[in-house]
Amino acid sequence: MSREQDDMLRRGIGMTSQRTRERLIQRLYEEGVSNAKVLEVIRRTPRHLFVDEALAHRAYEDTALPIGHNQTISQPYMVARMSELLLEAGPLDKVMEIGTGSGYQTAVLSQLVERVFSVERIKVLQDRAKERLVELNLRNVVFRWGDGWEGWPALAPYNGIIVTAVATDVPQALLDQLAPGGRLVIPVGSGEVQQLMLIIREEQGFSRRVLGAVRFVPLLNGPLA
Ligand code: SAH
């Protein structure tokens, strides 16, 4: 095998043809994702680089996959839907993400908004995600190792906040860190009963929209080395 072929296989390119990727985009569209920019960013973001080599051949299935440490890379439909909800009222400059994980949602967001502030509690996942974003030359992201229940108060307020793990309640700190008109997309609930919510900071108080049942890993407590 030539070095080039070897490299292609290693990166999972042979198993993740353009056709497979196009099928995923078609499927997201059929499932109701209508934001063309979101679809275009998902089309060009190499999801196979965000999972273990052994799973690379499944990277363009519309499913969550394990990334170690009992965590999963989010399902492409969820990434698309949540990004679309964040952007529904127009472009955003400052967005905070809770739950970097593999960095896949981070990579998608970084191509849709000006700046991303991403918080993760598991150091090794964060380090790997950072490397991937550098490899892809996505430079408008800063990372914090910490507890997402607390957000990132020093850099608040944010125009958008996205949480990629399910919270038992909406964390007060995240509400506090929303700019006026800011949007928070967050799964809320526990176990089997989880709802995706969109919360908007209005002139007076917050509006809430419940968007339907979802399935996420839990938002846990405290940072982990
Ligand atoms: N969007 C990620 C999803 C990762 S799963 C991806 O597509 O890869 C959820 C992530 O949330 C995990 O990495 C988990 O470690 C992280 N997480 C859970 N509780 C957290 C907390 N309190 N603060 C920060 N990150 C947390």
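**View 1. T106, a buried residue of helix α5.** In this predicted model, T106 is buried, because its relative accessible area is 0%, and the limit for a buried residue is under 20%. T106 belongs to helix α5, which runs over residues 104-110. Leaving out residues up to four places away in sequence, the residues that T106 touches are E97, T100, V116, S118, L133, V141 and F143.

**View 2. Helix α4, a mostly covered helix.** Helix α4 takes in residues 76-87, twelve in number, and extends 17 Å from its first C-alpha to its last, which is close to the 16 Å expected at 1.5 Å a residue. Ten of these twelve residues are buried, so that the helix is mostly covered in the sense of having under 20% relative accessible area at those positions. The buried positions are P76, M78, V79, A80, M82, S83, E84, L85, L86 and L87. An α-helix has 3.6 residues a turn, so residues three or four places apart point the same way.

**View 3. H69 and N70 in the loop between β1 and β2.** The loop that holds H69 lies between β1, residues 65-68, and β2, residues 71-73, and N70 is placed in the loop between β1 and β2 as well. H69 has a phi near 55 degrees, a positive value in a residue other than glycine, and the phi of N70, likewise positive in a residue other than glycine, is near 65 degrees. Are these two residues buried or exposed? H69 counts as partly exposed because its relative accessibility is 45%, between the limits of 20% and 50%, whereas N70 counts as exposed because its value of 74% is over 50%.

**View 4. The cis peptide bond between A156 and P157.** A156 and P157 are joined by a cis peptide bond, for which omega is about 5 degrees.

**View 5. R19, an exposed residue of helix α2.** Helix α2, which covers residues 18-30, includes R19. R19 is exposed, because its relative accessible area of 62% is over 50%. From C-alpha to C-alpha, R19 and V41 are 16 Å apart in space, while in sequence they are 22 residues apart.

**View 6. R215 in the segment after β9.** Strand β9 spans residues 206-213, and R215 lies in the segment that comes after this strand. With a relative accessible area of 59%, R215 is exposed, and yet R215 touches E192 and Q194, when residues up to four places away in sequence are not counted. The C-alpha atoms of R215 and L136 are separated by 29 Å, and these two residues are 79 positions apart along the chain.

**View 7. The whole protein chain, as a setting for the close-ups.** Seven helices and nine strands make up the secondary structure of the protein chain. The radius of gyration of the protein chain is 17 Å, which agrees with the value near 17 Å for a compact globule of 225 residues, and along its principal axes the C-alpha trace spans about 65 × 40 × 35 Å. Of the 225 residues, 50% count as buried, and the accessible surface of the chain comes to about 11000 Å², with 49% of that area belonging to carbon and sulfur atoms. Among contacts with a separation of 6 or more, 55% are between residues 24 or more positions apart. The chain carries 27 positive and 27 negative side chains, and a distance of 2 Å lies between the centres of the two sets.

How values were computed:
Residues are numbered from 1 along each chain as its sequence is written. This is a predicted model: local features need pLDDT of at least 70, side-chain atom pairs count only at pLDDT 80 or more; totals for chains, interfaces and linings use all residues. Side-chain values use heavy atoms; hydrogens and water are left out. Helices (H or I, at least four residues) and strands (E, at least two) are DSSP runs, numbered from the N terminus. The radius of gyration is taken over C-alpha atoms; the globule rule is 2.2 Å times the number of residues to the power 0.38. Buried means under 20% relative accessible area, exposed over 50%, partly exposed in between (1.4 Å probe, protein chains only). Contact means heavy atoms within 4.5 Å. Accessible areas come from the Shrake-Rupley method with a 1.4 Å probe; for residues, only the protein chains shown count as cover. Lys and Arg count as positive and Asp and Glu as negative; His and the chain ends are not counted. The place of a charge is taken as NZ of Lys, CZ of Arg, CG of Asp or CD of Glu. The expected span of a helix is 1.5 Å times one less than its number of residues.
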